[in-house]
Structure formats: C-alpha cells, structure tokens
Amino acid sequence: MSLRTPLYDRHVAHGARIVDFAGFDMPVQYSGLKEEHARVREAVGLFDVSHMGEIRVKGPKALEAVEWLCSNHNAEIEVNQAQYNVLCNEEGGVVDDLVVYRLAEDDFILCVNAANRAKDFAWVVKHGSREGVTITDEGDDWAQIAVQGPKAAATLAKLTDADLDAIGVYHFLPGSVAGVEGCLIARTGYTGEDGFEVFGPSDAAVQIWDALLEAGEEFGVLPIGLGARDTLRLEVRYCLYGHELSDETSPLQAGLGWITKLDRDFLGADAVRARKGKAKHRLCGMVIHGKRIAREGMNVLHEGEVVGHITSGTRSPSLGIGICLAYVRPDLSRVGTRLVIDVRGREAEAEVVKGPFYKRD
Amino acid sequence: MNFPDDLKYSDHDEWARLDGDVVTLGISDYAQDALGELVHVELPEVGDSIAVGEALCEVESVKAVAEVYSPVDGEIIEVNEALDGEEETVNTDPYGAGWLVKIRVTNGSQLDALMSVADYRAKVEAG
C-alpha cells in the first residue's frame with residue numbers, strides 16, 4: 001500500500017500528476033516541470049517534502065551517538081545549527097546522506113531520505129543505542145515544506161514570528177508559522193537557491209501549506225513537484241541517494257570528502273580510510289556538446305572502451321544544455337577530459353566540468 | 001483529450017495523415033501528455049528509407065524517452081526542423097505545428113492496418 005503525506009489531497013486538488021516515490025504517492029509535476037523549475041530560480045516555489053524521515057536522538061549521550069554514527073564534525077555545531085553528513089557502514093559505504101539539526105546540547109534530529117527511513121532507523125538504533133540516549137522515529141509526526149527561491153524569505157516573513165534575517169545558511173530557529181506553534185524554520189534546501197525548510201506538526205501541514213501559497217501569491221508562488229526538485233538539485237550538483245550514493249559507494253569517491261572527517265573516529269571511518277585512493281570510479285560532472293541527453297545507466301566511453309556510467313542526467317532547464325553526473329575511471333575524471341556517452345547507440349560528446357552547473361548570482 | 005477524426009492511430013500512439021502519397025506523422029495527445037514536456041526530438045535524415053515498424057525518431061521529455069515507429073514503408077522527405085529548441089510545440093499542438101516527419105509512401109494502403117479514431121479512443125480509455 002502506498003503511503004501518503006498529510007498534503008496528498010492538496011496535490012490532487014492542485015492537479016498534480018501523482019507517482020510512486022519511495023513508497024509514497026507524491027506529486028511529480030503540477031503545471032509543468034520547466035515552469036516549476038524556472039519559478040524556483042526566479043521567484044519562489046513550495047515543495048511537500050513530508051516524506052523525508054526524521055529520527056530524534058536525545059539524551060545526555062546524544063552527541064556521542066551522533067558523533068559515532070555521522071561523518072562530519074557534529075561536536076562543533078551549535079544549538080540551532082544544521083550540518084550535512086553521511087552515515088557510513090563498516091565497509092566504508094554510504095548508508096544514507098542526511099542533515100543533522102541540533103535542537104539543544106543533547107537533542108538532535110537526523111533528517112534522512114524517504115527511501116531509507118526504515119533502514120536508517122534500524123541502523124541508528126543498532127549502532128547509536130547506549131545508556132543516556134533515546135532514539136525515536138518521528139517521521140510521521142513531522143510534515144516538512146520547503147519554500148525555495150529568491151522570494152522565499154519575503155513569502156515566509158509574512159507568516160512567522162521568527163526573525164528570518166537572524167537565520168544564517170544551515171541554521172534554524174524554532175517558531176510559529178501561519179499560527180502553528182512548534183515549527184522549526186531552517187535555512188536549508190535542495191535547490192541551490194536561498195530558501196527555507198519548515199518542519200511542522202503533521203496535523204497542521206495543510207494550514208501551513210495553504211497559508212504559504214496565499215502569502216506567496218504576490219510573487220507568483222507555485223507548488224513544485226519531484227520532477228523539478230530533481231532538475232534543480234542536479235543543476236547545483238547535489239547527490240541523490242540511490243543514484244550517486246549507495247551502500248557500496250565510498251563518500252570520498254562521491255566527492256563528499258568535505259563532510260567525511262577522517263581526522264576523527266566514527267563508524268566506518270577505518271574502512272573509508274582503507275579505501276582512500278583505491279576507488280575504480282570517481283564521480284564527476286559533465287556537460288554534453290550537442291542536443292542529446294544522458295540518462296542514468298548509460299555507458300561512458302573513452303577510446304571505444306567503457307570507462308564508467310551515468311548516475312543522473314537531464315537537459316538543464318536553466319542552462320538549456322545536457323548535464324549529467326557519472327562515475328568514471330579516476331584518471332578520466334579530471335576537469336576538461338573529453339568523453340563519449342552511449343545514448344541508445346548514438347554517441348554524445350561530453351566534457352568533465354568543475355563544480356555546480358548552475359550558480360545563482 | 002483531443003483525437004481528430006480524420007487521422008489514423010497506431011498501437012504506439014502515433015498518428016498519421018495521408019495526403020496523396022505523403023504521410024505526415026506525429027504523436028497523439030495521449031502520448032505527449034504521458035511523456036510530459038519534450039526537451040529533445042532526435043529526427044531522422046531527409047532521404048532515409050524507412051520500413052514499416054522501424055523506429056524513425058525519438059521524442060524525449062525531461063523524465064522519459066519514447067521511440068516513434070513508422071506505420072509505412074517509404075522515404076523521409078521532410079522533418080520538422082522548427083522543433084529544434086521549441087520541442088514543446090509537440091505538447092501544445094501535437095496534430096498541427098508539432099508534426100514530426102513526412103514520408104513518401106510506396107503503398108498508402110498500409111495505413112488501413114491502423115486504428116480509426118473510435119478504436120484508438122477505446123484503447124486509450126481502456127488504459
């Protein structure tokens with residue numbers, strides 16, 4: 001049976017096309033992917049991301065548990081700060097990528113991918129449990145609505161008592177939104193734009209959603225489906241679990257060394273260290289010359305030989321060119337390298353490029 | 001959904017219109033809706049020979065790709081170059097400006113094997 005977020009009826013009412021995603025009936029598009037994508041880049045869009053999981057880790061030893069499970073320097077984040085992390089397994093692969101939110105000295109929320117909710121909760125219980133720590137699956141308790149785009153702050157400011165100017169990037173504040181108490185307002189997102197993710201009680205999701213749509217009307221706000229969420233994240237080169245990351249992938253070969261702090265000990269750190277520099281493939285970003293579009297699973301060729309495969313690919317709605325992420329032989333992952341993608345028997349010329357494909361002004 | 005009466009429809013959701021010995025081919029309103037906004041159309045070369053059932057071009061949306069098959073034997077005499085950069089025309093006007101290719105047919109009666117609008121509508125409604 002498919003799961004539904006508290007906003008499912010709203011998606012249907014907005015005329016969304018509904019697809020299964022990670023076991024949830026989710027909107028893949030409303031008015032149209034290109035329009036939705038552009039609206040986030042130019043104004044503001046609303047995303048229902050209530051399917052994401054929230055795992056609460058609380059108690060005197062909560063920091064110790066988070067530090068053991070997660071790869072980044074979580075001891076260094078302050079209360080009301082958030083940080084990107086991976087959970088590693090004993091083989092140095094990635095169980096999931098996630099954002100850790102520190103609500104108090106001894107109180108954390110781990111926000112995890114929808115597809116991995118059950119796996120991650122079992123993992124966190126298995127490896128994080130200790131005296132002085134309570135671990136709770138709060139995935140069904142929280143709704144999550146992302147407000148993203150240059151007009152996100154102006155939209156949200158009309159509805160909250162929190163001082164949005166005081167919330168830096170990857171920081172958050174507790175507050176009320178649309179009269180709903182007990183929300184968390186985080187300056188985080190998955191689009192490359194300024195914006196917020198509002199965590200609120202599930203039973204108030206519709207109230208928050210409706211108020212945000214009304215508040216954003218003057219800026220042309222649109223609800224945004226998973227289709228545009230994917231093209232937005234790919235343009236700024238964010239990894240998506242199940243595509244760029246997996247239980248087998250090392251965070252280093254995925255380019256996540258910057259959140260994998262090997263100067264300290266955490267679960268899987270030894271295996272990540274042992275695998276360092278030995279990966280057969282390394283993640284790179286490529287642009288395509290010509291009009292063809294790379295898709296997940298296509299082979300990447302060099303001098304007629306298969307040297308890797310595509311993990312995500314699309315026509316970039318903002319740039320109008322083909323962009324993709326691929327795992328390729330490390331010696332061929334350097335910026336400027338010319339490679340060929342096998343697009344259903346036809347060749348597409350591609351070039352490895354540095355950094356995000358799209359950068360906001 | 002819109003399915004004009006004067007067209008013939010294929011199992012793969014192409015439409016065809018015969019004018020003399022020239023067949024104009026496109027994808028149906030149902031097909032464009034199922035694919036979503038098109039971002040790339042891989043057209044064949046003018047002068048290519050094509051046989052019934054052969055893939056002759058690809059239509060690709062941001063999320064999916066589909067092959068378009070020829071319902072006839074013949075020669076490609078024109079392709080819709082105007083779609084270059086304006087691929088969404090196939091979505092907005094699938095039976096008009098969103099046509100894909102024109103084929104000079106050797107045997108126009110091959111179109112008799114295609115569905116009438118009533119049969120096609122029944123197929124779409126049956127899912």
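Biologist: How are helix 2 of chain A and helix 7 of chain A oriented to each other?

Modeller: Happy to start there, with the note that this is a predicted model. Helix 2 (residues 33-42) of chain A and helix 7 (residues 226-235) of chain A pack at an angle of about 55°, with their axes 9 Å apart. Angles of 65 to 115 degrees would count as roughly perpendicular and those under 35 as roughly parallel. The two helices are therefore oblique.

Biologist: Thanks! Turning to chain B, what radius of gyration does chain B have?

Modeller: The C-alpha atoms of chain B fill a box of roughly 35 × 35 × 20 Å along the principal axes. For 127 residues, a compact globule would have a radius of gyration near 14 Å. Chain B agrees with that, at 13 Å.

Biologist: And in what order do the elements of chain B run from the N terminus on?

Modeller: Chain B holds three helices and nine strands. Among its contacts between residues at least 6 apart in sequence, 66% join residues at least 24 apart. From the N terminus on, the order is β-β-β-α-β-β-β-β-β-α-β-α.

Note on methods
Residues are numbered from 1 along each chain as its sequence is written. Chains are lettered from A and ligands numbered from 1 in the order in which they are written. This is a predicted model: local features need pLDDT of at least 70, side-chain atom pairs count only at pLDDT 80 or more; totals for chains, interfaces and linings use all residues. Helices (H or I, at least four residues) and strands (E, at least two) are DSSP runs, numbered from the N terminus. The radius of gyration is taken over C-alpha atoms; the globule rule is 2.2 Å times the number of residues to the power 0.38. Two residues are in contact if their C-beta atoms, placed from the backbone, lie within 7 Å. Axes are lines fitted to C-alpha atoms, for helices over the stretch in contact, and angles run from 0 to 180 degrees between N-to-C directions. Angles under 35 degrees count as roughly parallel, over 145 as roughly antiparallel, 65 to 115 as roughly perpendicular and the rest as oblique.
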